[in-house]
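Have the sequence and the 3D view ready.

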2 protein chains.
Amino acid sequence: MTYTGRLTAHLAQATRLLMVKADGSVLVHSDGGSYKPLNWMSPPATMRVGEPEPDEASAGVTEVWTVQATKSDDTLRIAIFTLHHDSAHELGTDPGLVKDGVESDLQRLLAEQIERLGDGHALIRREHPTPIGPVDILARGPAGHVAVELKRRGDIDGVEQLTRYLDLLNRDPLLAPVEGVFAAQQIKPQARTLAEDRGIRCVVLDYDEMRGLDDADSRLF
Amino acid sequence: MTYTGRLTAHLAQATRLLMVKADGSVLVHSDGGSYKPLNWMSPPATMRVGEPEPDEASAGVTEVWTVQATKSDDTLRIAIFTLHHDSAHELGTDPGLVKDGVESDLQRLLAEQIERLGDGHALIRREHPTPIGPVDILARGPAGHVAVELKRRGDIDGVEQLTRYLDLLNRDPLLAPVEGVFAAQQIKPQARTLAEDRGIRCVVLDYDEMRGLDDADSRLF
DNA sequence: GTGTGTATGTCGTCA
DNA sequence: TGACGACGTACACAC
């Protein structure tokens with residue numbers, strides 16, 4: 001099996017599970033690893049079943065699947081030796097997945113519980129727009145404004161992002177001085193070091209606790 | 001179907017493809033989307049098939065799969081209504097995937113063809129270590145040292161990364177002045193603007209051409 | 001459509 | 001084992 005596209009990848013002969021979806025995408029799974037296939041073709045694509053080359057046929061290949069991406073020239077070529085099992089099913093359209101507990105939930109909760117940043121904080125707005133993107137939360141603090149960058153996992157990238165926002169916001173005489181707060185469920189040591197080096201405060205958030213408070217609040221009304 | 005773990009996700013009743021791997025991982029696929037399942041459990045995990053609750057049974061549920069992660073308390077619960085098809089196969093161990101054309105290949109090629117940075121460049125080392133991570137390529141240029149950050153796709157993150165390295169390297173009197181070069185197969189306009197604003201040179205690399213040269217070189221020996 | 005930020009990211013590597 | 005960066009990242013959303 002060979003994939004040619006953004007890179008080139010080869011896969012030796014073995015027993016595998018092949019999945020062909022309605023949109024032409026093809027997945028090649030082994031009996032381990034996580035949900036990621038060993039090799040695949042993203043939709044939209046078209047699959048063609050053809051004859052093997054003579055040398056392949058003599059090596060035991062019975063058929064060859066050629067999967068061609070519609071938009072790019074990415075190609076996946078699968079040589080079939082033995083078909084252990086084959087089964088086709090019509091699944092129909094799928095209702096979507098409903099998620100809960102992603103960054104937007106965290107943002108909503110922190111906006112409601114803005115005092116987690118410290119005493120004397122008041123929410124100004126979520127998703128405060130700037131030319132380089134929205135600041136997650138803008139608040140008024142005891143000594144000026146506060147810009148909050150929110151992440152589930154606080155990584156060095158988030159600190160860089162917040163730094164860019166702060167540079168910009170502090171040029172606005174109506175807002176300056178603006179303090180930075182890096183809030184996340186978990187903050188990596190390197191990110192914390194960088195943040196504190198730049199005078200950015202780090203706040204670790206407990207999602208379960210915040211959600212608990214939120215539920216309690218809801219019950220009051 | 002419900003997943004409880006880092007987040008909570010619910011999936012309505014529909015016809016789907018369920019895959020259970022040898023390591024206990026479970027994938028729930030619809031007949032579209034890319035290779036990512038709608039919902040899944042990562043290995044290691046254990047699956048248990050049990051009876052539905054009475055209210056579920058009266059709604060038509062025939063069995064309930066409970067998938068429990070071994071290391072965390074992530075849980076995936078799948079209510080089965082109808083089994084359209086069931087098939088089990090032993091796949092055995094899998095030979096690995098062989099890739100070609102990833103960043104390490106690009107790095108090796110650029111190290112060999114360091115003159116692509118311009119005349120008068122000489123390689124010092126790849127993966128030059130610094131306290132904040134390795135510099136992809138360090139070279140001697142016509143006017144001091146040159147630090148190269150290498151990406152397949154040149155994004156703003158890469159420029160930030162290189163900037164951090166340059167700040168650090170230029171504090172070393174043995175190395176300063178260090179010029180920055182941002183080399184990638186493709187450089188996003190925003191990344192280019194930021195880089196040039198910071199005096200970082202941008203170099204676009206043609207992988208196919210570089211590989212061609214490499215093959216030609218190999219053939220000489 | 002392109003750019004930007006998130007992800008139950010996943011996956012390798014290296015301390 | 002945990003941090004860190006790459007990924008054929010994929011994916012949603014704003015402009």
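**Exercise 1.** Is Arg201(B) buried, partly exposed or exposed?

*Solution.* First, the ground rules: this is a predicted model, where local features need pLDDT of at least 70 and side-chain atom pairs pLDDT 80 or more, while totals for chains, interfaces and linings use all residues. Residues are numbered from 1 along each chain as its sequence is written, chains are lettered from A and ligands numbered from 1 in the order written, and side-chain values use heavy atoms, without hydrogens and water.

Next, the cut-offs: buried means under 20% relative accessible area, exposed over 50%, and partly exposed in between (1.4 Å probe, protein chains only). Arg201(B) has a relative accessible area of 29%, so this residue is partly exposed.

**Exercise 2.** Find which residue forms a salt bridge with Arg201(B), and what the pair ties together.

*Solution.* A salt bridge puts a side-chain nitrogen of Lys or Arg within 4 Å of a carboxyl oxygen of Asp or Glu. The partner is Glu179(B), with the closest N and O atoms 2.8 Å apart. Glu179(B) sits in strand E13 and Arg201(B) in strand E14 of chain B, so the pair ties together parts 22 residues apart in sequence. (Strands are DSSP runs of E, at least two residues, numbered from the N terminus.) Glu179(B) is partly exposed too, at 30% relative accessibility.

**Exercise 3.** Work out why the salt bridge between Arg16(A) and Asp94(B) joins two chains.

*Solution.* Start with the contact: N to O is 2.1 Å. Arg16(A) lies in the loop between E2 and E3 of chain A, and Asp94(B) in the loop between E8 and E9 of chain B, so the pair joins two chains. Finally, Arg16(A) is buried at 15%, whereas Asp94(B) is partly exposed at 28%.

Terms used: Helix = DSSP H or I, 4+ residues; strand = E, 2+ residues; numbered from the N terminus.
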